[in-house]
Amino acid sequence: MQRKISKQLEVFMKAFMDQDFLLSTEIAKELYHNFAETMPIIDYHCHIQPREIAQDRQFENITQIWLGEDHYKWRQMRSNGVEEYYITGEAPDREKFQKWVETLEMAIGNPLYHWSHLELQRYFGYTGVLNQNTAQDVWEICNARLKETSMSAKNLIKQSNVRLLCTTDDPMDDLKWHRIIKEDKSFDVQVLPTWRPDKILNIEKSDYLDYLEKLSEVADVEIHTFQDLKKAMTKRLKYFQSMGCCISDHGFDFMVYAPAKEEEIEKIFALRLLHKELSVENIRKFKTACMLFLAEKYEELDWVMQLHYGCKRDNNGKMYRKIGADTGFDCMSDIASGTQLVDFLNEVNERKNLPKTILYSLNPRDDALIGTIIGCFQNSDAVGKIQQGSAWWFNDHKGGMVRQMTSLANLGLLGNFIGMLTDSRSFLSYSRHEYFRRILCELIGSWVEKGEYPKDMRVLEKIVQGISYNNAMEYFGFHL
């Protein structure tokens, strides 16, 4: 009898990750399949290496493309008790893959489980379940497919329906790989640089003076004063603009706002050039001065300013000393940044005019806070001029996306949201856009299903396609 009941239940059980994955209502299915599914992708923030695009890298096996630089996966493997030898160590790729498979089996409810299977479906045509029993078959299927020319870096981008992507680049970068990509007439996807000047602001770092020396050479400006530093930044900004850059990005542990007069900033900078240790307050004053200067420049250049904050990095000292930064030992910060953030935005606005700005916090408790802050600075310069960025890093799972979009809907205009980005180093991460769009359509569909929004397909189409693609195109002013 129990076996019979079990068989009956299977009839009503939804199939694993089928065409209606994450879509539970008819309206959600209609919104996704009719409006979102085939929309192109604008990836306005990623960490793909432009060199790998320019060289059209061909990956040798699934471990290289899946585990090469993915600290999301590394964290979970450590949580499954896997030795570092199989994560960032010198273990053979087949053994690393096996350890990931063993970890993935335990990742119920984790977005990595869904992302991994979406990638297997979309790029490798594998619709089964990856587990210890299927690992060898999947290894062979993926590696055979990766040998095909259609699976090179450029072709992976093209088959993902990507129209434009923005990398993340240091002000010292000569952007030669971007130039090579641009000159390749056979590749019609735009790849633009993004200005990421964290190293210019991080005056407290032990290698700061070495960095300034290199920046001085690249900018052809001798840097002896803060005024000199601003000249060097201005020259590099103009160079980045000449290469198509129209977006800046900043990563902060927490937002700072400690205004000071120019004379005081010059003294602080002079102390650092003399290898003197700076106080916490002096560090904050310097960073504030740099950000105020840069924000004014972004407004002049008509660039978008992205502010990422709320991360506490490199928390495991032993592992940081062993394998370095960006290896999976970061966490959310609980330092309150709202007051400093809003005061900084107000000061920029008072001085000149606030550029288009996207705000991201790694701590989801800040969703409502950001939702109220952005409403303080909206105006007719642009639709949704100040944006809350998509659910970021530790929040880019189903619950985090629903929470972020629901908060934005409650406090702002979800219909003007610029949508998803990969924030990834992997060429397979474009399946995250599908994941996001399915969640978006399920969320909106549930509101319509409950009678909380009318079933006006004309407006719903505009909203869904806007958040999927069109809003980002208009917001950044991209020209394809």
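Student: How do the residues of the lining of the second largest cavity divide by class?
Tutor: They divide into 4 nonpolar, 2 polar and 4 charged. Asp, Glu, Lys and Arg count as charged; Ala, Val, Leu, Ile, Met, Phe, Trp, Tyr, Cys and Pro as nonpolar; the others, Gly among them, as polar. This is a predicted model: local features need pLDDT of at least 70, side-chain atom pairs count only at pLDDT 80 or more, and totals for chains, interfaces and linings use all residues. Residues are numbered from 1 along each chain as its sequence is written, and side-chain values use heavy atoms, without hydrogens and water.

Student: Which residues line the second largest cavity?
Tutor: Ile65, Trp66, Asp70, Lys73, Leu112, Trp115, Glu119, Ser426, Ser429 and Arg432. A cavity is a set of points on a 1 Å grid over the protein atoms alone where a 1.4 Å probe fits but cannot get out; lining residues have an atom within 4 Å of a point.

Student: Which helix gives the largest share of that lining?
Tutor: H7, with 3 residues. Helices are DSSP runs of H or I, at least four residues, and strands are E runs of at least two, numbered from the N terminus.

Student: Now the largest cavity. How much space lies in it?
Tutor: About 90 Å³. That volume is the space filled by probe spheres set on the points, with grid points joined across faces, edges and corners.

Student: Which residues lie nearest its centre?
Tutor: Ser361, Asp367, Ala391, Trp392 and Gln404, out of 14 lining residues. Strand E8 (356-361) and helix H19 (398-411) each supply at least two residues of that lining.

Terms used. 1 Å grid on protein atoms, 1.4 Å probe; cavity = no way out; pocket = protein on both sides within 12 Å on 5 of 7 lines; lining within 4 Å.
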